[in-house]
Each structure stands twice: as C-alpha cells, then as structure tokens.
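Thanks for making time this morning. I would like to walk you through one structure, beginning with a pair of neighbouring strands and moving on to the aromatic side chains.

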Amino acid sequence: MSTDEDTQPARPKAPVRLAAGAAEVTVQPDNGCRIGSLRVGGTELLRQGAKYGCFPMVPWCGRIDHGQFRNGGELHQMPVNAAPHAIHGTGRDLAWRTARTSATQAAFTYDLSDPAAPWPYPGQVTHLVELAEDGGSLTLTMGVEAAADSFPAQAGWHPWFRRNPFGDDADVRLDFAPEWQEERGDDHLPTGRRMLPKPGPWDDCFGMPRGVDVTLTWPGRLELRVTSRTEWVVVYDEQEAAVCVEPQSGPPNGLNTAPRLVTPIDPLEISTTWSWRELS
C-alpha cells in the first residue's frame, strides 16, 4: 500500500556552492551536473542559461555518426538529438546524486543504467569538482567505471565562456598551439585526415599530444588557462555570446574511430584544470 510520500515527486536537489578566495562555483546536480556558474572577483565567466554553463560530456563526446556505435559484433543506437547524429552524451540530461560536499569540493555520481539516459552497459560515472583553497583554480575530474561487460566510452567537458563578461568591447582572445587539426566533413564528423591548423572561426577538433593547453585572455582584465593531460580539444567560437574550449578523451565519433575500452579493472579517468589570474 502506497503512502502520500510514495506518490510525491522527487524534490529538486539544491545547487551546490563552493567558494574560496575571490572565486565562487555553483554546480547543478539536477541539470546534468553542470557547472552553472563560475564567478571570479564578482564577474560571471560562464554563459548563463539551462543549456549553458559547463556540462559534462559522457559517455561520449561530440557527435556519433547517426547515433550508432559498435562494441565487438553488437550495434547500438543512441538517441538522435542533433539530427542525423547523437551529440555530447546523455549524462547532461540526468539528475546526478550528490555523494559528498565541503566548502571547496563536491563529488557526484550517476548509474549508466539509469533508464532516463539510455546506455547498453551497466556502470557508474563520477564527477569531482574541486576549487583550490586560494580560489585561483578549478579542477574537474570524471571517471567512468564498468560493472560487467567492457564497452567503449569517452568523457569531457563543454564550457561556454562569455566573450565579454566585463561589459567592455574587449573580445576574449584564444591562444593555443595544436600539432594538428582534424579535417571536418560536411556532416560535422572528422574525416580521419589530419591537417595543419587553420585560422578560425572553429567548430573543430585539435590534437595536442603533449596535453591540452589553451589560454583565454580578456585584455587588461583576466587570463584563464585550460589544461588537461588528454590530447584532444574541441574549440567552438562561432557564436557571438560565448566560446567553448572542450578537453575530451577522444575525438568526435571516437566510439567508432578510436574506441577506448572501459573494463571492470581499467576505468576511464580524465581531468582538466582551469587556472586564472587578474591582469589589471
């Protein structure tokens, strides 16, 4: 026999707020565990809105060709949400569990078998958000674990950094030195051909085998550096409001072209650090 409590909808989880020094971070576990806000010295650096901020891309990054991937002899179909492809994983569509919090750290998880986000293999995803004690950097770490059968997976982040957060005309400047650029086909998927990096604007994947290292500079205001030990980064700067610098564990469509198997004894782990310093 059910009670009134059994029939009540689940209460939304409150945003988790971290703070140190002059920095404040807000995480929204109910909204795909995205970083909803990053304020440095009182200035909001991330584009605001339910679809923006910075969301985890998991268990894949970028587009999957027509939403399909193979694992051995099995063909799987993911929901097509950027026709004709599936894009950016399904973790961003879920409510994550808050595992623990402190003044400067928080950990979140979700089950890959969650029926709200179809994925054919059981496992768990963990997202750790750590603000440095001095408020000078933010480190994000994601892990993907298999509970039974092995499967290919990817993980990464999709931040939307505001072009002009300081209310002036000084557009953000991007500086990075990739070794190659993945040629992008008309279908927005890498063709498999690597080429010398071309000038922007970009919606492209780049290779940085010594580790991702991209600097965003708001002249006279702030410098923010995105680093990661992974070698892949997607840069998207075709919108007026924001630019995206997306470290990820493999290229778009990588479940098919460069699969990284997650096994019960070999989880996938990736991290990125954003560090900043004032220029004025």
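**Strands and rings**

In this model, which is a predicted one, Arg17 stands opposite Thr26 in strand 2. That facing position belongs to the pairing of strand 1, residues 16-20, with strand 2, residues 23-28, where the two run antiparallel and are joined by 5 bridges. The two strands make a hairpin with 2 residues between them, and in its turn Gly21 has a positive phi of about 55°.

Strand 2 also pairs with strand 3, residues 34-40, again in the antiparallel sense, this time over 6 bridges. Within that pairing, Val27 stands opposite Ile35 in strand 3. The hairpin of strand 2 and strand 3 has 5 residues between the strands, and there Gly32 is the residue that takes a positive phi, near 70°.

Let me turn to the aromatic rings. How many aromatic pairs does a search of the whole structure find? The search finds 13, and I will take two of them in some detail. One of them is formed by Trp96 and Tyr110, whose rings are edge-to-face, with 4.7 Å centre to centre and 65° between the planes. Because Trp96 lies in the loop between strand 9 (86-87) and strand 10 (97-101), while Tyr110 belongs to strand 11 (residues 105-111), the pair ties together parts that are 14 residues apart in sequence. Are these two side chains buried or exposed? Trp96 counts as buried, at 0% relative accessibility, and Tyr110 is buried as well, with a relative accessible area of 2%.

Trp218, at 1% relative accessibility, counts as buried.

Beyond individual pairs, there is one aromatic cluster to point out, formed by Trp60, Phe69, Trp119, Tyr121 and Phe151.

Finally, which arginines lie over aromatic rings? Arg92 lies over the face of Phe55, at 5.2 Å from the ring centre, and the charged end of Arg194 sits over the ring of Trp180, 3.7 Å from its centre. I will stop there and take your comments.

Terms used:
Residues are numbered from 1 along each chain as its sequence is written. This is a predicted model: local features need pLDDT of at least 70, side-chain atom pairs count only at pLDDT 80 or more; totals for chains, interfaces and linings use all residues. Side-chain values use heavy atoms; hydrogens and water are left out. Rings of Phe, Tyr and Trp (its six-membered ring) pair if their centres lie within 6.5 Å; planes under 30 degrees apart count as stacked, over 60 as edge-to-face and the rest as tilted. Helices (H or I, at least four residues) and strands (E, at least two) are DSSP runs, numbered from the N terminus. Buried means under 20% relative accessible area, exposed over 50%, partly exposed in between (1.4 Å probe, protein chains only). A charge sits over a ring if NZ of Lys or CZ of Arg is within 6 Å of the ring centre and within 35 degrees of the ring normal. Two strands pair if DSSP finds at least two bridges between them.
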